[in-house]
Number of protein chains: 2
Amino acid sequence: MTLPENRQFRLHARPVGLPRATDWNYVTEPARPPGPGEILVAVEYISLDPAMRGWMNEGKSYIAPVKLNDVMRALGVGRVIASQSDAFAPGDAVSAATGVQSHATIPASAATKIDPSLAPLPVYLNVLGMTGMTAYFGLLDEGKPAPGETVVVSGAAGAVGATVGQIAKIKGCHVVGIAGGPEKCAFLTSELGFDAAIDYKADNLPKALRTACPNGIDVYFDNVGGDILDAALAQINRNARIVICGAISQYNNTTPIKGPANYLSLLVNRASMKGMVVFDYADKFPAAAQDMATWMKAGTLKGREDIVNGLETFPTTLLKLFSGENFGKLVLKV
Amino acid sequence: MTLPENRQFRLHARPVGLPRATDWNYVTEPARPPGPGEILVAVEYISLDPAMRGWMNEGKSYIAPVKLNDVMRALGVGRVIASQSDAFAPGDAVSAATGVQSHATIPASAATKIDPSLAPLPVYLNVLGMTGMTAYFGLLDEGKPAPGETVVVSGAAGAVGATVGQIAKIKGCHVVGIAGGPEKCAFLTSELGFDAAIDYKADNLPKALRTACPNGIDVYFDNVGGDILDAALAQINRNARIVICGAISQYNNTTPIKGPANYLSLLVNRASMKGMVVFDYADKFPAAAQDMATWMKAGTLKGREDIVNGLETFPTTLLKLFSGENFGKLVLKV
């Protein structure tokens, strides 16, 4: 076969603050033919996630940093175009850690077959992918919301946050989302069924939280950190659970991270703050995916993807995550 | 009977920063005779605790603030000198929330009989009292240390910290204490059997922690907050448990509290940070006290009291807690 050109974004320099164009190398080279047990995937959609910012940094984390000059790590979905594995045939749709490139040659064991007749491919990067799993396990396994409890989620119009809030509604909770701007807030309440939405850019956050959570906060699912985490800490109930899923407000800091000044509220309220990483729940993904698919079919769980065209826009499209511009799951269409 | 003079410290003003002499009123008035169901206690020893600083502040906490002009809240031990209750006779030794005063008239139901033949009275304010219970439940119920795990405790030469470390040793852990000054550190290792002690005033804390905890930190029991909490967060293991018992470095701040800048280590390590208040474990106090008494008898658990003479020294003696001057459980002898 003629090997296609593989367009790739490689990490050129470790960013200081927001990633800049000069932190990337855009490289084109022929795709590598699959060896035994490998498949070649034509990547169609690439997932852009806040966690990617952390992967660019040096130092110990829950996953090794991307090495300089390696293709940037990312999840993607696409179709097999060549296979040296019995498990996959050309034409199969798969999801995998493809990286930010148009063609990925990967071990067949690292790919998961997906069914495009059930849902469009981008949905497998959102509700039916790691994003959905993060929301599911972070909320249910760590937040442990009981019916009638109040669940607050930040970054609520983002991919994880929107799913957290909808699952909390399905579980019978009073759900409050924090997001930026009136359009996102309206979407949360009128489209996704949140009980209330707070525009952190416009509202007095402590006051708005008090109004939206008359019975205090039982579960706070945090995607943003910073002042919003502090505001939530100030209004938690006894035995509240705070799930630390991310801290997008702090990822591009060039100054030290702002720790939560109100953390002693954990003591006063015998509350817990716990970090979570989605990979830890891998053995339970199939059961969760079944729940998610059922809820999607029933219409109680909706996904929204913010799809941007063109692999070559990657450096600037990624920044939408940090400016709060994206609305729903940010996906790059190759 | 002739009623004795009751010397009392009443809260005159809410302190800003460190409590000053002018925040107290020293008042003398005749003790109030016990009414039906009440006892009059001649207080012999008063427990001085970091938590008292919080009780002086206005605002919602785990317990109501001390009202202005009320006798300052404190735990104490003493002897009944008059009783209108069948449960107590004059001469009985009791522990109770007596307040900072020489004579307390209290409901019999609020007092616990103690046995001076088992241990001297001040021990009932330390290992056999709330201090010991705080260490016991904070470490065992919240920290959940497994044998062989590394337990680090700050404020380790303080009353709670010293007990936490010894219980962790009894449970087969590698135990590291953080304290201020060579004398306290030597005490931890040579007297109390800690595996290592770090002098936060002299040592490079991150480096000293790495040396003392070659396998990382599994349980961190925090009494101090601030930079020490941050240093510990930087070296926790996966699934580590951080118990927030106090934050003495922050109690007298007139500027905002310093939140833990390294809190995202909770995410990376899937770790938890949980606050605890000893009163929540009240139904399990008797069983715990039995454990503690057994360990004391076996010599594996030692208490050390730092006893200061004279009720009238209360305003300055209390400050020893915040300057780090006290060495062991700080107790005021009436």
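A: Angles from 65 to 115 degrees count as roughly perpendicular, those under 35 as roughly parallel, those over 145 as roughly antiparallel and the rest as oblique. The model is predicted, so local features need pLDDT of at least 70 and side-chain atom pairs 80 or more, while totals for chains, interfaces and linings use all residues. Residues are numbered from 1 along each chain as its sequence is written, and chains are lettered from A and ligands numbered from 1 in the order in which they are written.

Q: At what angle do helix α2 and helix α8 of chain B pack?

A: Helices (H or I, at least four residues) and strands (E, at least two) are DSSP runs numbered from the N terminus, and angles run from 0 to 180 degrees between N-to-C directions, with axes fitted to C-alpha atoms, for helices over the stretch in contact. Here α2 (residues 130-143) and α8 (residues 285-298) of chain B pack at about 95°, their axes 10 Å apart, and α2(B) and α8(B) are therefore roughly perpendicular. Contact, meaning C-beta atoms placed from the backbone within 7 Å, involves B:Gly132, B:Met133, B:Tyr136 and B:Phe137 of α2(B) with B:Phe285, B:Ala288 and B:Met292 of α8(B).

Q: What is the order of the strands in the open sheet of 12 strands?

A: Strands of a sheet pair through backbone hydrogen bonds, either parallel or antiparallel; a pair needs at least two DSSP bridges. The order here is β10(A)-β9(A)-β8(A)-β11(A)-β12(A)-β13(A)-β13(B)-β12(B)-β11(B)-β8(B)-β9(B)-β10(B), with mixed pairing. The β10 strands (196-199) of chains A and B stand at the edges, each with a single partner, so one side of each lacks a neighbour in the sheet. From one strand to the next, the twist averages 15°.

Q: In which sense do β13(A) and β13(B) pair?

A: β13(A) and β13(B) pair in the antiparallel sense over three bridges, and the bridge partner of A:Ser272 in β13(B) is B:Lys274. By contrast, β9 (residues 174-179) of chain B and β10(B) pair in the parallel sense over four bridges, with B:Gly177 opposite B:Ala197.

Q: How many residues of chain B are in contact with chain A?

A: 25 residues of chain B are in contact with 25 of chain A, and β13(B) gives the largest share of the chain B side, four residues.

How values were computed
Contact = placed C-beta atoms within 7 Å.
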